[in-house]
Amino acid sequence: MSTIKQFQVAFDCAEPVRLAAFWCEVLGYVMPAVPEGFATWEECYRSLPPEDAIYFACTDPAGVAPRLLFQRVPEGKVVKNRVHLDVRAGVGLVGDERLATLEAECARLMVLGAKHVLTQRADGVNESCITMQDIEGNEFCLA
């Protein structure tokens with residue numbers, strides 16, 4: 001039996017603070033307090049040697065959902081994600097009500113810089129979902 005009680009989701013990315021801020025807006029997560037002496041995390045990171053500014057984490061304020069860790073990597077994203085987040089905006093909803101809720105959330109996220117990729121409408125077996133990309137091109141679904 002596993003002794004693991006928690007896990008975090010790690011994202012490889014180019015700009016850890018920027019991507020963390022995006023996901024905080026998507027999920028209602030919180031970023032840690034900015035260190036004393038700095039107005040923003042970006043200012044703090046600019047003050048560090050490049051090799052030190054490689055990680056950034058944000059958390060669920062309720063402490064229930066997994067922590068998200070964003071780590072800078074030198075290479076850019078070139079292929080489809082093998083793992084993605086399903087952002088469950090339509091839980092318990094079906095049909096037109098679900099699709100309208102997902103479309104409204106899609107519109108909100110597009111204002112934040114996300115891109116709409118594909119809307120899959122309910123087909124009698126599966127409910128509607130919307131495939132999107134975050135600000136660095138990582139795929140995720142509104143479900």
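How many helices and strands does the secondary structure of the chain come to? The chain has 3 helices and 7 strands. Helices are DSSP runs of H or I with at least four residues, strands are E runs with at least two, and both are numbered from the N terminus.

This is a predicted model, in which local features need pLDDT of at least 70, side-chain atom pairs count only at pLDDT 80 or more, and totals for chains, interfaces and linings use all residues. Residues are numbered from 1 along each chain as its sequence is written, and side-chain values use heavy atoms, with hydrogens and water left out.

**Overall layout**

Along the sequence the pattern reads β-α-α-β-β-β-α-β-β-β. The C-alpha trace spans about 55 × 40 × 30 Å along its principal axes. Of the 143 residues in the chain, 34% are buried. Buried means under 20% relative accessible area, exposed means over 50%, and partly exposed lies in between (1.4 Å probe, protein chains only). Among contacts between residues at least 6 apart in sequence, 57% join residues at least 24 apart. A contact here is heavy atoms within 4.5 Å.

**The core**

The largest nonpolar core has 27 residues. Such a core is a set of buried Ala, Val, Leu, Ile, Met, Phe, Trp, Tyr and Cys residues joined through side-chain atoms within 4.5 Å. Trp23, Phe70, Met132, Phe140 and Leu142 have the most contacts inside this core. At least two residues each come from β1 (8-13), α1, α2 (41-47), β2 (55-58), β3 (67-72), α3, β6 and β7. Helix α1 gives the most, with 7 residues. Domain 1 (8-72) and domain 2 (85-142) each supply at least three residues; these bounds come from an automatic or database domain assignment.

Beyond residues up to four places away in sequence, Trp23 touches Phe11, Gly28, Leu68, Phe70, Leu85, Val87, Asp134 and Phe140.

**Helix α3**

Helix α3 covers residues 95-111, 17 residues in all. Its first and last C-alpha atoms lie 25 Å apart, close to the 24 Å expected at 1.5 Å a residue. The expected span is 1.5 Å times one less than the number of residues. Arg98, Leu99, Leu102, Glu105, Cys106 and Leu109 are buried in α3. They cover an arc of only 130 degrees around the axis, so they sit on the same side of α3. That arc is taken from the directions from the helix axis to the C-beta atoms. The face turned away from the buried side carries the exposed residues Asp96, Glu97 and Val111. Cover for the buried residues includes α1 (16-27), β5 (115-120), β6 (129-133) and β7 (139-142). Gly113 follows α3, with a positive phi near 115 degrees.

**Strands around β7**

Two strands pair if DSSP finds at least two bridges between them.

| Strands | Sense | Bridges |
|---|---|---|
| β4 (85-87) and β7 | parallel | 3 bridges |
| β6 and β7 | antiparallel | 4 bridges |

Val87 has Leu142 of β7 as its bridge partner. Gln133 stands opposite Glu139 in β7. Strands β6 and β7 form a hairpin with 5 residues between them, and Gly137 in the turn has a positive phi of about 90 degrees.

Both faces of β7 are covered. Glu139 and Cys141 are buried on one side, Phe140 and Leu142 on the other.

Thr131 is found in β6. Thr131 is buried, with a relative accessible area of 16%. Leaving aside neighbours within four places in sequence, Thr131 is in contact with Lys115, His116, Val117, Leu118, Gln120, Phe140 and Cys141.
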